[in-house]
Amino acid sequence: MILFLILAGLSIVFSLLVVFQRNVIYSAMALVATLFLIAVLFLTLEAAMVGILQILVYAGAIMVLFLFVIMLLNPGLLEGRSIAWWILGSLAAVLLLFVLVPFLSDSGRLLPGQAPAGGSFGSPESLAQSLFTDFVLPFEIASVLLLVAIVGAVVLAKREV
Amino acid sequence: MIVDIGIIAAKALMVLSMVLNLAGVLGWIERKASALIQDRIGANRASIFGFAGLGLVNTLIADPIKFLTKEDFIPPKGDRLLHTLAPCLALFPALVAFAVIPFGDILVLADRTINLQVANLNVGILYIFSMASLSVYGIVIGAWASNNKFSLLGGVRGSAQMISYEIAMGLSVMGILMIYGTLELQEIARAQGNLLWGWLPAWGIFLQPAAFLLFFTAAVAETKRIPFDLPEAESEIVAGYHVEYSGGKFLMFFAGEFAEIVTAAGLITTLFFGGWQVPFLMRDGFHFPWVGTLFLPQLVVALLQVGAFTLKVLFFCWLQILLRWSLPRFRYDQVMRLGWKMLLPLALLNVMVTAVLIVAWQSAPLKP
């Protein structure tokens, strides 16, 4: 429980830093820290596979590409946003909160640290079992979607200017 | 309870100190090896009160003193915080990645079963890959925080190269995972103790020779050493991402690189060369085919296994150093072409061929 509070608190602090930093690199690194902390939260919930995949895919690959692009473009410090931006942003955040609240209140009312999952839950075997038997169609559709995105990116990049 | 915690702490400390010390020793071996290869004498100037006899010991003492007493320079227009953070980000993943690599079978001491592995995660190898993917940040952040064009070029090269080769590295071990049917490195190492046709150890190298070549190439590229040292490339961009680093922080980058070599060697050993397995050595002694059996006490077996693991790791460290002083550097487009157009398709092909063979094998009437 204490571990959860520390991790959750830190991840909230870092996710706020993502938004409130002027320097884009600092924002990106704060996002990396947030993703890493959430991965550790998954680890404490006996979901090692999800946690490790979170680090591998999000913290380790996608954020590196973010940084790569930021470094290539090398933008300076962001100027302060106008009031309208802040209002719009807050509005969007509140809307998202309304979407999330029903899920949060209905999620079985389990306190962290009391995860009932045990045994093979979250193991690579059980994950693969459900991915390749029960959910094989969505899985394949998602992979086709990714393929379409890759082909589209190649076509765009190869276009004669 | 106390004893259990003590055992875990002792294992963690042992592996951590082994990786760190081996990194230090490799720094000396690298200089001596380069001298040997280039027909020089090599590091022989470190002497304690005029006594230069023990080259290794002297250099091991002299190196840290030299590094730690140098000025720690932070570029005035650079970013102080990130400049300091970057070496830690480079060293940390390299040191913790070794935790899931098993260095021996289980050891039974006074009715206590000790698994000779620091952390037995059921995601095993994915943990190492995730740590390897985090090690990019040290380079990228260090390069950016130095506020130097050469650094930035090195950082951009490094991030692109490591992302590219991570994919090839991950796919190349797929065949191994399919054959042994697990992600746990201890299980993989144990499965390699089986014998094929009663005489050939079921090591990864015999079952997946192509995967070994692909994985070894990708692992060398991940450690960013010649022929893949594009992020450093002294003759092109001075020293790349750590141009602006000196003193202790440079030492951390340096140690991180050698720790990565040790981890790569450990992973290659575990996946393809039986890990801690000694051929024909079972838990109760040697079982030679056609010859006979030699029973050994359990402690001797464990020592032999740990010794075999250490020897194999040292061999692959040596092989990487040998490679670094034998090959020229690739051009940048060649690195990208090799990664994306050769390693990646070959790794995919390897996965397909392995899958077909496994299905054919399982439906075949004769199994070993």
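Which residues of α3(B) are buried? The legends below take up this and other close-up views.

**Conventions.** This is a predicted model, in which local features need pLDDT of at least 70, side-chain atom pairs count only at pLDDT 80 or more, and totals for chains, interfaces and linings use all residues. Residues are numbered from 1 along each chain as its sequence is written, while chains are lettered from A and ligands numbered from 1 in the order in which they are written.

**View 1. Helix α3 of chain B and its buried residues.** Here is the reply to the opening question: the buried residues of α3(B) are His83(B), Ala86(B), Pro87(B), Leu89(B), Ala90(B), Leu91(B), Pro93(B), Ala94(B), Leu95(B) and Val96(B). A residue is buried if 20 or more other C-beta atoms lie within 10 Å of its own, exposed if 12 or fewer, and partly exposed in between, with C-beta atoms placed from the backbone. The helix covers residues 80–96, 17 residues in all, and reaches 26 Å from its first C-alpha to its last, close to the 24 Å expected at 1.5 Å a residue. That expected span is 1.5 Å times one less than the number of residues in the helix. The cover over these buried residues includes α1 (2–37), α4 (125–134), α5 (136–145) and α12 (247–272) of chain B. Helices (H or I, at least four residues) and strands (E, at least two) are DSSP runs, numbered from the N terminus.

**View 2. Chain B as a whole, for orientation.** Chain B holds 14 helices and 7 strands. Its radius of gyration is 22 Å, close to the 21 Å that the globule rule gives for 368 residues, so chain B is as compact as a globular protein of that length. The radius is taken over C-alpha atoms, and the globule rule is 2.2 Å times the number of residues to the power 0.38. The C-alpha trace of chain B spans about 70 × 50 × 50 Å along its principal axes. Buried residues make up 45% of the 368 residues. Of the contacts in chain B with a separation of 6 or more, 77% come from residues 24 or more positions apart. Two residues are in contact if their C-beta atoms, placed from the backbone, lie within 7 Å.

**View 3. The crossing of α1(B) and α12(B).** Two packed helices are described by the angle between their axes and the distance between the axes. In this pair the axes come within 8 Å and cross at roughly 105°. Axes are lines fitted to C-alpha atoms, for helices over the stretch in contact, and angles run from 0 to 180 degrees between N-to-C directions. The two helices are therefore roughly perpendicular to each other. Angles under 35 degrees count as roughly parallel, over 145 as roughly antiparallel, 65 to 115 as roughly perpendicular and the rest as oblique. On the α1(B) side, look for Val19(B), Leu22(B), Ala23(B), Leu26(B) and Gly27(B); α12(B) answers with Phe254(B), Ala255(B), Phe258(B), Ala259(B), Ile261(B) and Val262(B). By class, this contact has 10 nonpolar, 1 polar and no charged residues. Ala, Val, Leu, Ile, Met, Phe, Trp, Tyr, Cys and Pro count as nonpolar, Asp, Glu, Lys and Arg as charged, and the others, Gly among them, as polar.

View 4. Most residues other than glycine have a negative phi, and most peptide bonds are trans. With 6 C-beta neighbours inside 10 Å, Asp39(B) counts as exposed. Asn147(B) has 16 C-beta neighbours inside 10 Å and counts as partly exposed.

**View 5. Where chain A touches chain B.** In this view, 19 residues of chain A are in contact with 21 residues of chain B. On the chain A side, the elements giving two or more residues are α2 (24–44) and α3 (48–73). The most come from α3(A), with 14 residues. By class, this side has 17 nonpolar, 2 polar and no charged residues.

**View 6. Helices of chain A.** Chain A has 6 helices and 0 strands, and buried residues make up 18% of its 161 residues. The 21 residues of α2(A) should span 30 Å at 1.5 Å a residue, and the end C-alpha atoms are 30 Å apart, which agrees. After α2(A) comes Glu46(A), with a positive phi near 65°. Ile6(A) lies in α1 (residues 2–20) and is exposed, with 12 other C-beta atoms within 10 Å. Ile6(A) and Leu37(A) are 31 residues apart in sequence and 9.8 Å apart in space, C-alpha to C-alpha.
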